[in-house]
Amino acid sequence: MKKIIFLALGFPDVAKYTNLYTDLIHEFHNNGHDVLVLAPAENSNDTGLRLEGGVKVLRVATLPLFNVGIIKKGLANILLSRQYKKALKTNNITLDFDLILMPTPPITLTATANWIKKKANAKLYLILRDIFPQNAVDLKMINGTGVIHSFFRKKEIELYKISDYIGCMSPANVEYIKKHNTEIEHSKLHLLPNWENLPNYKGEKKSTELLKKYNLDNKFIVIFGGNIGKPQKMENIVALAKICQDLPEIVFFIIGTGTEKQMLTELVLKEKLTNVILEDKIPKTEYNNLLRLSDVGLISLSEEFTIPNFPSKVLSYFGNKKPVLASVDVNTDFGIILEDINAGYWAEAGNNIVLKEKLLLLYKNNELRTQMGENGYKYMEEYLLPDKAYKTINNIIS
């Protein structure tokens, strides 16, 4: 058994909903490890140490970290390390951990991670899910030659340096870090794909009432669920919907919130698109039921990216046996992996003529959709479950 601290940017109360990090931490907990999660509080009255699903979670008051402008978000992230360190001291947490687990984002918790590492003589395992600040440069959120970039780039280099192990999402992620960080020991780097639990229906029947609720009866449903921000470049999906208006059966059902949701809403209204339905967050169970009733799962990444992203939302599509249609940049290996496992189609982001051609291949062939859905499910069963991620990390640190 190891004593572990997990430094989280987002860690929901599992009584409300789960994400990849709650799934992973519960794998550690269920395998007998003593885990403490350090995470932001939902509000100022929600702070302190408590048990959530049997796991110890220390909730810390922070500035708003999500759905805010770049300046407010940057300030909140800069202050986060100091707030976490203070919370550990205030709550008299003994720093005797064997392992520090820390994902990116953010990279600004480096000081706290290094402080714990030195005090406890612990190892630091970095779960690399976000290559920042380069992703912000790609999206023109910050200047690649400016002071802000320089500050965060130094933080990034420092984080890689103090990490004992670095788990990357895909082979292209590993190669990118090697190429752009030559000073880092390459032996630290290894593959740690995303993970998610498979849906557990236990014989539950599909609820067609949801189709009526969202006006989806007799529609071919192309579903998108997740964050709606600059990385997702939803303008490309609107462009696809626009050129699919000659196929009235096809509807684009987009669920989620984010910094670009208002822009998306206004763009859909401006284009007078009746084949796009927008919803905010909905309960996980309802979302999974909608996925089961849908025909295709949609992925969108900005063509501006020079870093190789691997979208985690595809796991919900795989788990619900849905073929994938992906609009992605050429620097990610996601499309190649999708092709290799024959679980969907992809086109270069911005090339919506080709993307429509790929969509029509799925639209016209139910047998193909079924087979691709099965292929994604089998791939997830073999490689993308939380117990696989746990075993990868545990084998590396043992």
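**View 1. L101 and its bridge partner in strand 6.** In this predicted model, L101 has Y125 of strand 6 as its bridge partner. The two strands concerned, strand 5 (residues 99-104) and strand 6 (residues 123-128), pair in the parallel sense, and six bridges join them.

View 2. Eight strands make up an open sheet with mixed pairing, and their order is 3-4-2-1-5-6-7-8. Strand 3 (48-52) and strand 8 (189-191) are at the edges; each has a single partner strand, so one side of each lacks a neighbour in the sheet. From one strand to the next, the twist averages 25 degrees.

**View 3. Helix 5 against the sheet.** Helix 5 packs on the sheet and touches strand 5, strand 6 and strand 7 (165-168). The direction of helix 5 makes about 130 degrees with that of strand 6. Helix 5 covers residues 147-162, which is 16 residues; at 1.5 Å a residue these should span 22 Å, and the end C-alpha atoms are 23 Å apart, which agrees. Buried residues of helix 5 include H149, F152 and E156, and L159, Y160 and I162 are also buried.

**View 4. The aromatic pair F6 and Y21.** The whole structure holds 12 aromatic pairs. F6 belongs to strand 1 (residues 3-7) and Y21 to helix 1 (residues 20-30), so the pair ties together parts that are 15 residues apart in sequence. F6 and Y21 are both buried. Together with F11 and W195, F6 and Y21 form one aromatic cluster.

**View 5. The aromatic pair F318 and Y379.** These two rings form an edge-to-face pair, with 6.4 Å from centre to centre and 80 degrees between the planes. F318 lies in helix 11 (residues 314-319) and Y379 in helix 14 (residues 366-383), and the pair links these distant parts of the chain, 61 residues apart. Buried or partly exposed: which describes Y379? Y379 has a relative accessible area of 21%, so Y379 is partly exposed. F318 has 2% relative accessibility and therefore counts as buried.

**View 6. Lysine charges over aromatic rings.** The charged end of K3 sits over the ring of F97, at 5.4 Å from the ring centre. K321 has its charged end over the ring of Y377, 4.6 Å from the centre of that ring.

How values were computed. Residues numbered from 1 in each chain as written. Predicted model: local features only at pLDDT ≥ 70, side-chain atom pairs only at ≥ 80, totals over all residues. Heavy atoms only, no water. Helix = DSSP H or I, 4+ residues; strand = E, 2+ residues; numbered from the N terminus. Expected span 1.5 Å × (residues − 1). Buried < 20%, exposed > 50% of the residue type's maximum accessible area, 1.4 Å probe, protein only. Pairing = 2+ DSSP bridges. Axes fitted to C-alpha atoms, helices over the stretch in contact; angles between N-to-C directions. Contact = heavy atoms within 4.5 Å. Phe/Tyr/Trp six-rings, centres within 6.5 Å; stacked < 30°, edge-to-face > 60°. Lys NZ or Arg CZ within 6 Å of the ring centre and 35° of its normal.
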